[in-house]
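Me: I would like to learn how to read this model. Can you take me through it step by step?
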Amino acid sequence: MTKAPAPSEIDWQNLGFNYMDLPYRFLAHYKDGQWDDGELTEDSTLHLNEGSPALHYGQADFEGLKAYRTKNGDIQLFRPDRNAARMQQSCERVLMPPFPTERFIAAVKAVVKANADYVPPYGTGGTLYLRPLMIGVGENIGVHPAPEYLFTVFAMPVGAYYKGGVKPTNFTTSYYDRAAPHGTGKSKVGGNYGGSLLPGDQAHKAGFSDVIYLDPATHTKIEEAGSANFFGITKNNEFVTPESDSILPSVTKYSLLYLAKHNLGLKTVEGDVYIDDLDRFVEAGAMGTAAVIAPIGGIEYQDQLHVFYSETEVGPVTQKLYDTLTGIQFGDLEAPEGWIQKVDL
Ligand SMILES: Cc1ncc(COP(=O)(O)O)c(C=O)c1O
């Protein structure tokens, strides 16, 4: 196992999005109907029974959020209560015991504090990415919920998810679906991502940054942009994002819906986005914790590339949304009430 390099040896400007084995993570165990207190541990290897339902039947869910270094050296979290709530909803869908919000946030803060030297310096664009994970474990072989559960939060410093930073990239559509109409698309469960590996790989090999997934029932409406939600800006200055029960409810999406309306004065619309009606948009992008806002240059559909604003330049509204969101996340702009939680060091 290769441990993370010392913080002084890290090239903060060129981090990428890669696993790093940091000194500490949080681990709690659920047994006999309750969660134990959990603790910080230095062991990055989980020890599981071979019959664990997480391994066979996908009884697993996860979250992704970030800790941000501010100009004065503080560290802060962006809406961690939203991630806690979404994880509880994911747990409900695959019959796992929810981890309480207060305990979720305390665990995240404890991991940030213990690894504080790995939160990238302000101004590098880097953040500490946090990965809460819950898995069903223990002796089992039939398709049943697990007898025991593990909840862990581990972390790693990351840079931009889409290489090249805030520059447009092209997406393509796929034959494959990400989610089923009444399936698990709105839950952040592991199985949703296993099925996305092949279409994602095909898109990368064809030179695209990721896949635009269409609604699984009719294949006419945009649902997601890779591991991010989709938005478009119309000629009439509307911020439009798809609404569907098989889309992951993105914390970034709900934040941008608020900021687009209150800070940028745009009209916001959650509704159908037809793949054959992209002309209505003058800009488009993908939004998520990892991607932040990734401008979409164009979308390939039925062998035609539909270009929005430009394949090389970021559109003005997308840029403004990006600056507003990241300004709040890094503490340079005032946040709406309750969005920011400081980590006591
Ligand atoms: C499929 C999918 N859609 C959207 C998102 C964006 O969600 P969020 O903004 O909460 O990170 C993610 C990442 O969590 C995702 O995996």
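The dialogue below covers domains and helix packing.

Reply: A note on the source comes before the features. This is a predicted model, where local features need pLDDT of at least 70, side-chain atom pairs count only at pLDDT 80 or more, and totals for chains, interfaces and linings use all residues. Residues are numbered from 1 along each chain as its sequence is written, and side-chain values use heavy atoms, with hydrogens and water left out.

Me: Into which domains is the protein chain divided?

Reply: Domain bounds come from an automatic or database domain assignment. Here domain 1 covers 7-158 and domain 2 covers 169-330. Their centres, taken over C-alpha atoms, are 25 Å apart.

Me: How many residues of domain 1 are in contact with domain 2?

Reply: Contact means heavy atoms within 4.5 Å. By that rule, 26 residues of domain 1 touch 21 residues of domain 2.

Me: What area do domain 1 and domain 2 bury between them?

Reply: Buried area is the accessible area (1.4 Å probe) that two parts lose on being put together, summed over both. Here that is about 1,900 Å², with 61% of it on carbon and sulfur atoms. In domain 1, Phe 62, Phe 78 and Arg 86 lose the most area to domain 2, together 32% of what that side buries.

Me: How is a pair of packed helices described?

Reply: By the angle between their axes and the distance between the axes. Helices are DSSP runs (H or I, at least four residues), numbered from the N terminus. Axes are lines fitted to C-alpha atoms over the stretch in contact, and angles run from 0 to 180 degrees between N-to-C directions. Take H6 (residues 251-262) and H7 (residues 316-329): their axes come within 10 Å and cross at roughly 110°.

Me: Which residues of H6 and H7 make the contact?

Reply: H6 gives Thr 252, Ser 255, Leu 256, Leu 259 and Ala 260, while H7 gives Leu 321, Thr 324, Leu 325 and Ile 328.

Me: At what angle do H2 and H3 cross?

Reply: H2 (residues 80-93) and H3 (residues 101-114) cross at roughly 125°, with axes that come within 9 Å. Pro 80 and Met 87 of H2 are among the contact residues, as is Phe 104 of H3.

Conventions: Helix = DSSP H or I, 4+ residues; strand = E, 2+ residues; numbered from the N terminus.
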